[in-house]
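Q: I'm new to this one and would like to go through its pockets and a helix pair. Can we start?

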Amino acid sequence: MPALLALAAYETGAWRLRRRGDRWPPIRDAVFGAGVVVALAPGGSTFTAHVLQHVLVGMLAPVLIVLARPVTLLLRAVPAAARRLLKHALRAAGVLVFPPVAAVLEVGSLWLLYRTDLFAKIGDAPWLHLHVFLTGLLFTTAICRLDPLRHRAGLGVRAGALIGAAAAHAVLAKTLYVSPPPGVVLAVADRQAGAQLMYYGGDVVELGLALIVALQWYAARGRAQARSSRRTGVPSTAGS
């Protein structure tokens, strides 16, 4: 139900923008809808199915949703008074989207879940999947920085946080390949298949995030060269 409400709110905001003549690319509606669908991915009775759900809900769905720029849409669609309140709320929560902080929250919670007895105690509790989604969304927002954020972390900081999180995620997957979460008995084949899925599935999504950061770096470099060429009168070579 919350996912459907989020989709309805997004489409309402997009409709308001277009109704008053503002441009909002339809592809963003499609990407946001795809993110909502992926976030609703069901689980299963095996550890491999559990890991697949977490890769989809905690990694892929946040990327799709962030690419749709929901915060930008919200700020543009609401009245001016509400926009001021939202900006204050975003500033208050700004520390959470500082890339190193978001990376520690996202990866640290996974290590806490799988390398302590927490997984044995809570299993596949519904709130766990919500937590995985929210920490993944926070991390993806901090790395991509497509929406207005309080902290204007540079490309180096974001790239460093992404590399660190990817390394920690890979090491976690390797430890699960060797041994199950404490207090949990899993079939060896199921555990190892789940660990491999965590390792390679995480790599795919993290490569996608790296591509987004690289494209932003390329665009920033092109803009800097264009500004320099205007000042000096020398034609820019960006993109050549």
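Q: How much space lies in the second largest pocket?
A: About 240 Å³. This is a predicted model, where local features need pLDDT of at least 70, side-chain atom pairs count only at pLDDT 80 or more, and totals for linings use all residues. Residues are numbered from 1 along each chain, and side-chain values use heavy atoms, without hydrogens and water.

Q: What counts as a pocket?
A: On a 1 Å grid over the protein atoms alone, an open set of points with protein on both sides within 12 Å along at least five of seven lines; lining residues have an atom within 4 Å of a point. A volume is the space filled by probe spheres (1.4 Å) set on the points.

Q: Which helix gives the most to that second pocket's lining?
A: α10, with 4 residues. The lining of the second largest pocket includes Gln-216, Ala-219, Ala-220 and Arg-223. By class it has 5 nonpolar, 2 polar (Gly counts here) and 5 charged residues.

Q: And the largest pocket, how much space there?
A: About 1,000 Å³. Its lining has 39 residues, with Ala-6, Phe-32, Ile-65, Phe-133 and Leu-137 nearest the centre.

Q: What classes line the largest pocket?
A: 32 nonpolar, 4 polar and 3 charged residues.

Q: New topic: at what angle do α4 and α5 pack?
A: About 145 degrees, on a scale from 0 to 180 between N-to-C directions, with the axes 9 Å apart. Helices here are DSSP runs (H or I) of at least four residues.

Q: Which residues of α4 meet α5?
A: Val-71, Leu-74, Leu-75 and Arg-76, in contact (heavy atoms within 4.5 Å) with Arg-83, Leu-86, Lys-87 and Leu-90 of α5.

Terms used: Helices (H or I, at least four residues) and strands (E, at least two) are DSSP runs, numbered from the N terminus.
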